[in-house]
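Dear colleague,

Please find below the structure that I am handing over to you. My findings follow it, and I would be grateful if you would read them alongside the model.

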Amino acid sequence: MVFMKYSGAVPQADRDCLMRDLEQLRSEIEGMEDFRTGRNVSPEAPLVHGLVDLFWIDFRDAEARDAYLANTTHKAIGARIMASLDGGEEAIFVCDLER
């Protein structure tokens, strides 16, 4: 799971494009089983810290996740995401869950 705070200057169309590009990695990375996007709609706004845009990926196993992390296309998309955030590393939270 990845929670993000985009810069207000980033149009929704650009945000959508980033998410489509990530989803397309399913064709490159074996074991990338599901990709979803959404909004954090928690009423506890002070605890959300502005991290309202999110995506999550279900991987078959840790090896598939590691292949995703090492993938050069993923790294390029990740750089584009980081450039679009309001606050760099402070504007993103990554959480990996084990089944």
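Please note that the model is a predicted one. A search of the whole structure returned three aromatic pairs. In the pair formed by Phe-59 and Tyr-68, the ring centres lie 5.2 Å apart and the planes meet at 50°, so this pair is classed as tilted.

The sheet

The sheet is open and consists of four strands in the order E2-E3-E1-E4, with antiparallel pairing. Strand E2 (32-39) and strand E4 (92-94) are at the edges with a single partner strand each, so one side of each has no neighbour in the sheet. From one strand to the next, the twist averages 10°.

Seven bridges join E2 to strand E3 (residues 53-59) in the antiparallel sense. Within this part of the sheet, Arg-39 has Asp-53 of E3 as its bridge partner.

Helices on the sheet

Helix H1 (residues 12-23) packs on the sheet, where it touches strand E1 (2-4), E2 and E3. The direction of H1 makes about 165° with that of E2. Helix H3 also packs on the sheet and touches E2 and E3; the direction of H3 makes about 130° with that of E3.

The nonpolar core

Which residues have the most contacts inside the largest nonpolar core? They are Met-4, Met-19, Leu-22, Met-32, Phe-55, Tyr-68 and Ile-81, in a core of 20 residues. Two or more residues are given to this core by each of E1, H1, E2, E3, H3 and H4. As a general point, nonpolar side chains in soluble globular proteins tend to be buried together.

Phe-55 deserves a separate entry. With neighbours within four places in sequence left aside, Phe-55 is in contact with Met-1, Val-2, Met-4, Met-19, Leu-22, Phe-35, Arg-36, Thr-37, Tyr-68 and Ile-81. Tyr-68, listed here as a contact of Phe-55, is also the ring partner of Phe-59 described above.

Individual positions

Asn-71 is placed in the loop between helix H3 (62-70) and helix H4 (72-83). This residue has a relative accessible area of 13% and is therefore buried, the cut-off being under 20%. The Asn-71 side chain reaches the backbone nitrogen of His-74 at 2.8 Å. Not counting residues up to four places away in sequence, Asn-71 touches Leu-25, Glu-28 and Ile-29.

Ser-42 lies in the loop between E2 and helix H2 (45-48). With a relative accessible area of 29%, Ser-42 is partly exposed. The side chain of Ser-42 reaches the backbone nitrogen of Glu-44 at 3.1 Å. Between Ser-42 and Ser-7, which are 35 residues apart in sequence, the C-alpha to C-alpha separation is 20 Å.

Ala-62 belongs to helix H3 and, at 36% relative accessibility, counts as partly exposed.

With kind regards

Note on methods: Residues numbered from 1 in each chain as written. Predicted model: local features only at pLDDT ≥ 70, side-chain atom pairs only at ≥ 80, totals over all residues. Heavy atoms only, no water. Phe/Tyr/Trp six-rings, centres within 6.5 Å; stacked < 30°, edge-to-face > 60°. Buried < 20%, exposed > 50% of the residue type's maximum accessible area, 1.4 Å probe, protein only. Polar contact = N/O pair within 3.5 Å; in protein donor to acceptor, adjacent residues only side chain to side chain. Contact = heavy atoms within 4.5 Å. Pairing = 2+ DSSP bridges. Axes fitted to C-alpha atoms, helices over the stretch in contact; angles between N-to-C directions. Core = buried A, V, L, I, M, F, W, Y, C linked by side-chain atoms within 4.5 Å.
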